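Please open the model in your viewer and keep the selection panel at hand. The tour below moves from one selection to the next and says what is there at each stop.

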Amino acid sequence: MNAIEETSGAERLSEAEFSVIRAMAGTVIGPSLEYGLPGADEEPISSRIVESAGERYGEIIRLGIRRFIADGGPALEGAAADDPAFASRLREFMGKHPEFAQHFLRLLARAYYQDPRVIVSCGGELKAPFPGGRVLEAGDWSLLEPVRDRGPIFREVLK
Amino acid sequence: MRADKVDVLVVGGGASGAAFAWSMADTRMRVLCLEQGDWINQNSYPTNGMDWESREDFHFDPNVRGRVTDYPINVEESDIRIANFNGVGGGTILYAGHYPRLHPSDFRTRTLDGVGDDWPIDYSTLEPYYDEDSRITGVAGMTGDPAYPGKSAEMPPIPLGRSGTVMANAFNSLGWHWWPTDCAINTQQYEGRDKCVNLGACCSGCAQGAKASTDITYWPLALRAGVELRTRCRVREITVGSDGMATGVIYFDKDGVEHRQEAEVVVVACNGVGTPRLLLNSRSGAFPNGLANSSGLVGRNLMFHPFAMVRGLFDRELDGPRGPHKSISCHQFYETDIARGFVRGFAFEMHRGMGLVTTMAQALIGGKLPWGAAHHRAARARIDRVTGILAVCEDLPELHNRVTLDPTLKDAHGIPAPKIQYKISDNSARMMEFAVRRAQEVLLVAGAVETEIEAPMRYAGWHLLGTARMGRDPKTSVTNEWGRCHDIKNLFIVDGSLFVTAGAVNPTRTIQALALYVASSIKSRLANLFD
């Protein structure tokens with residue numbers, strides 16, 4: 001089942017709408033030759049954006065995409081992620097629709113930064129935090145000496 | 001269906017309900033607690049999986065979380081959204097484990113600063129109960145904090161880490177107070193629970209069991225002592241007899257079947273939103289404005305601690321998500337100084353960084369990352385390099401900040417949902433503005449190359465206080481000075497609703513101490529409890 005079919009709710013994204021989501025994702029996070037990473041418009045990342053929207057955010061995303069297309073007209077269909085005009089229009093749209101922007105960007109971050117290639121590239125490990133845990137440096141408590149030396153700072157309260 | 005009458009019925013198995021039930025167990029009375037949520041299996045917490053940052057089933061906003069055990073809350077007229085959790089352990093399942101006490105001055109704001117109201121009790125009243133709760137909970141900290149009268153801790157403090165070291169040096173440069181914060185997190189094995197392994201996701205449940213949530217602290221002890229706890233029991237209303245005394249409750253079990261449970265004493269422990277909701281939903285001919293509400297104050301004086309977060313981006317690696325969120329606090333600006341332009345004050349909590357996904361999401365939403373290929377280098381400059389200062393601002397009790405019943409919104413059982421009306425006051429706004437400037441100041445001294453402000457934090461209604469306040473005068477309070485409702489002599493409240501003022505620190509420790517104090521007060525008056 002692909003991302004379009006996975007989208008929850010009675011309505012599904014059309015191919016054209018999904019291509020706009022891909023273009024949005026790739027515009028915000030493009031590919032990197034330096035780090036050898038894909039853009040966010042590549043599969044399976046772009047499908048993950050839509051899949052993870054689920055019922056809770058699916059409607060917001062769907063409405064946002066359709067409004068974006070309605071504002072931009074036919075020129076937006078088939079737009080590429082590296083199109084400066086598309087990027088400009090997307091920035092303007094996100095400025096005017098902050099709720100859509102927040103949800104889309106959060107879903108984008110989840111989809112991209114949970115991709116195994118990206119995690120490893122960023123120095124992470126492909127495992128859950130528990131049970132291994134993490135190491136934290138103890139620190140030097142002698143840094144408290146100046147605080148102690150200044151004495152009490154709470155307000156005395158007489159009965 | 002009607003069940004056998006019990007001696008003490010506690011509604012709510014969270015922070016206060018657990019502490020109260022445990023304390024009452026030594027009376028050998030029949031104590032029953034009804035909790036609308038479930039026991040939470042530690043294997044279900046997000047840090048058991050790689051998708052831990054994306055999981056929303058442990059989100060602190062019930063309107064986002066949407067579990068079957070949640071109820072909706074109307075927050076359309078509130079500057080701040082509610083955070084809670086329904087389950088055994090209540091809000092302690094998701095709290096950060098930051099565990100400070102109130103200051104002595106917090107109990108005397110009217111006398112000292114001419115604002116708010118004085119509590120009918122003081123710091124010395126609660127001191128033995130703070131100590132008792134500390135032994136059960138297990139507190140990591142350090143003696144000698146100049147911001148408090150003498151107090152001890154069971155375990156060494158949470159490690160400073162790189163974030164704490166950088167910020168400690170900055171506080172020292174400015175000559176400001178700071179101290180390792182009291183935390184309800186094991187830094188060594190304590191009472192059969194293992195030590196923290198720095199998962200860094202305290203606020204979505206501790207898979208290690210090192211954070212002291214009451215499902216693993218008080219509840220095992222209470223159950224062994226004979227307290228009965230029934231889960232998935234949602235109380236619809238408290239029932240009252242013709243003599244004006246509480247007779248018990250009506251509740252729904254997990255199959256939606258209605259039950260009537262009778263009790264000699266009813267104790268409400270449903271937090272500062274759930275408690276007024278239950279009392280208001282318990283209206284009757286004798287109590288048309290809701291139970292225990294002759295003062296008109298049930299639901300009023302809601303306090304939240306408006307929060308502000310200032311994040312600093314550093315050019316070197318700090319802790320990222322490693323370690324508990326909290327490690328050090330600053331109470332430099334806690335007490336009133338009129339010269340600052342507001343009354344009362346705030347506390348700073350240093351907040352370590354977040355995981356990879358959350359760091360990037362925050363940066364994208366905040367417009368901190370360029371688009372396109374340039375995203376990547378800028379993104380890497382933020383990994384494990386963000387540390388924040390959280391300002392906990394004291395808000396004062398105001399009648400218009402309140403919990404009422406929504407006229408149309410209902411939960412899955414058809415029980416009217418709460419509606420929140422809350423406006424950040426001018427005093428709180430001035431305080432927050434000052435706090436943000438100080439937070440920026442200390443972060444820049446610490447070496448931050450840029451700061452980002454989130455003020456007020458909307459998703460920050462973690463502390464639910466004041467909505468059934470204690471006091472000596474029935475006209476200006478809902479309960480007396482030991483939690484007994486003025487109007488109904490066998491009805492008690494033990495949660496944060498009792499707070500008269502909020503202080504500027506996390507309330508859970510005081511809530512649990514208050515619950516122990518109310519229990520102790522009841523036990524010392526059993527012969528004439530209803531006089």
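Contact, as used throughout this tour, means heavy atoms within 4.5 Å. The model is a predicted one, in which local features need pLDDT of at least 70 and side-chain atom pairs count only at pLDDT 80 or more, while totals for chains, interfaces and linings use all residues. Residues are numbered from 1 along each chain as its sequence is written, chains are lettered from A and ligands numbered from 1 in the order in which they are written, and side-chain values use heavy atoms, with hydrogens and water left out.

Begin by selecting B:W219, which touches B:G13, B:G17, B:A18, B:A21, B:C33, B:W39, B:V88, B:T214, B:V227 and B:L229 when residues up to four places away in sequence are not counted.

Three bridges join β2(B) to strand β5 (residues 228-230) of chain B, and the two run parallel. Within that pairing, B:L34 has B:R230 as its bridge partner.

Now turn to the open sheet of six strands in chain B, ordered β4-β10-β11-β12-β9-β15 with antiparallel pairing, where two strands pair if DSSP finds at least two bridges between them. At its edges stand β4 (179-180) and β15 (450-454) of chain B, each with a single partner strand, so one side of each is left without a neighbour in the sheet.

Which residues point each way from β9(B)? B:F307, B:M309, B:R311 and B:L313 point one way and B:A308, B:V310 and B:G312 the other, and seven of the seven residues are buried, so β9(B) is largely enclosed by the rest of the structure. Strand β9 (residues 307-313) pairs with strand β12 (residues 386-393) of chain B over seven bridges in the antiparallel sense, with B:R311 opposite B:G388 and B:A308 partnered by B:A391. Toward β15(B), β9(B) forms five bridges, also antiparallel, and there B:G312 stands opposite B:T451.

Finish in chain A, which has seven helices and zero strands, and in which buried residues make up 45% of the 159 residues. Select helix α5 (residues 98-113) of chain A, which has 16 residues; 12 of the 16 are buried, so α5(A) is largely enclosed by the rest of the structure. The buried residues include A:F100, A:H103, A:R110 and A:Y113. What covers them includes α2 (15-28), α3 (45-72), α4 (84-96) and α6 (116-121) of chain A, together with α8 (356-365) and α9 (375-380) of chain B.

Note on methods
Helices (H or I, at least four residues) and strands (E, at least two) are DSSP runs, numbered from the N terminus. Buried means under 20% relative accessible area, exposed over 50%, partly exposed in between (1.4 Å probe, protein chains only). The expected span of a helix is 1.5 Å times one less than its number of residues.
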